[in-house]
Each structure stands twice: as C-alpha cells, then as structure tokens.
Amino acid sequence: MSKEVEPTFRVQVLKEAAQLITVDRAATHGSAFDNFTLIAQYWSSHVNARHGTAIDLKANDVCDMMELLKLGRRNSKPGNIENASDGCGYGALSYEMHQVLLQMKEAGN
C-alpha cells in the first residue's frame, strides 16, 4: 500500500489557486500589485501608529502575511481545500510582487 495520495489532489489545489489569482481575484480587485501596495501602506500606517515603529511594508510582505494567515487556518481546519489553494496562490503572488519590486528598483523607481 502506497502512502502517496493521488496527484490529482495536488493538481486540484494548484488549479484552484491559479483560477483564484489570475481570474477571480483580478476581476474583483484589479491590479494585484496596486492592491497589495495599498494594503501594505495601510498596514504600515497601522503598525507604526500602534507600536511607534517605522516599518515600510511592501506588496510582497502582504502576500507573505496572507500566506501565513492561510497556514494558520489550514492548521485549524486541515480539510478545507480553500486554505491550501489560497496559500499556494499567495506564495505565487509573493514571488511575482518581489520580481516587480526588483524591476522597479533596477529602473530607479
């Protein structure tokens, strides 16, 4: 008896993540970079005001923290596929946001 789960579960999680981050969320929220940058500004302002700090969160930080949120939810309720697919989606988006930020830095923005 194999301990491997059918790869179709992996594929299902990843397909759902791809659908969410390329179609569903984009249609609802617009540009991922613009949206995550705005959230990063809000979160930075909140944390700085609350704790007297001077952090400057970026779009990829938002993705990383949302991925951690999904990890917490996945650990609380492991049978919910949405938490797994959302976590994968935020991981992919974090990489994308990091790449955009690097390109902007290289371009002098």
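Let's start with a pair of charged side chains: Lys58 and Asp56 form a salt bridge, and their closest N and O atoms are 2.6 Å apart. The term salt bridge is used here for a side-chain nitrogen of Lys or Arg within 4 Å of a carboxyl oxygen of Asp or Glu. Lys58 is partly exposed, at 35% relative accessible area, while Asp56 is exposed, at 53%. (Buried stands for under 20% relative accessible area, exposed for over 50%, and partly exposed for what lies in between, using a 1.4 Å probe and protein chains only.)

## What you are looking at

This is a predicted model, in which local features need pLDDT of at least 70 and side-chain atom pairs count only at pLDDT 80 or more, while totals for chains, interfaces and linings use all residues. Residues are numbered from 1 along each chain as its sequence is written, and side-chain values use heavy atoms, leaving out hydrogens and water.

How many salt bridges does a search of the whole structure find? There are 3. Besides the pair described above, Lys70 forms a salt bridge with Glu82, with the closest N and O atoms 3.8 Å apart. Lys70 lies in helix 3 and Glu82 in helix 4, so this pair ties together parts 12 residues apart in sequence. Helices here are DSSP runs (H or I, at least four residues), numbered from the N terminus.

Lys70 also forms a salt bridge with Asp86, and here the closest N and O atoms are 2.8 Å apart. Asp86 belongs to helix 4 and Lys70 to helix 3, so the pair ties together parts that are 16 residues apart in sequence. Through shared partners, Lys70, Glu82 and Asp86 are joined into one network. Are its members buried or exposed? Lys70 and Asp86 are both buried, with Lys70 at a relative accessible area of 5%. Glu82 is partly exposed, at 39%.

## Helix 3 beside helix 4

Two packed helices are described by the angle between their axes and the distance between the axes. Helix 3 (residues 59–76) and helix 4 (residues 81–106) pack at about 165°, with axes 8 Å apart. Axes are lines fitted to C-alpha atoms over the stretch in contact, and angles run from 0 to 180 degrees between N-to-C directions. Helix 3 and helix 4 are therefore roughly antiparallel to each other, a label for angles over 145 degrees.

Which residues meet here? In helix 3 they include Ala59, Cys63, Met66 and Lys70, and in helix 4 they include Glu82, Asp86, Tyr90 and Met97. Contact means heavy atoms within 4.5 Å. The residues of this contact divide into 8 nonpolar, 6 polar and 7 charged. In this scheme Ala, Val, Leu, Ile, Met, Phe, Trp, Tyr, Cys and Pro count as nonpolar, Asp, Glu, Lys and Arg as charged, and the others, Gly among them, as polar.

## Helix 2 across helix 4

Helix 4 also packs with helix 2 (residues 32–51), at an angle of about 90° and with the axes 11 Å apart. That makes helix 2 roughly perpendicular to helix 4, the label for 65 to 115 degrees. Ala32, Phe33 and Phe36 of helix 2 make this contact with Tyr90, Leu93, Met97, Val100, Leu101 and Met104 of helix 4. By class, the contact has 9 nonpolar, no polar and no charged residues.

Finally, take a look at Glu96, which is found in helix 4. Glu96 is partly exposed, at 41% relative accessibility. Glu96 and Asn35 are 61 residues apart in sequence, and their C-alpha atoms are 13 Å apart in space.

How values were computed
Helices (H or I, at least four residues) and strands (E, at least two) are DSSP runs, numbered from the N terminus. Angles under 35 degrees count as roughly parallel, over 145 as roughly antiparallel, 65 to 115 as roughly perpendicular and the rest as oblique.
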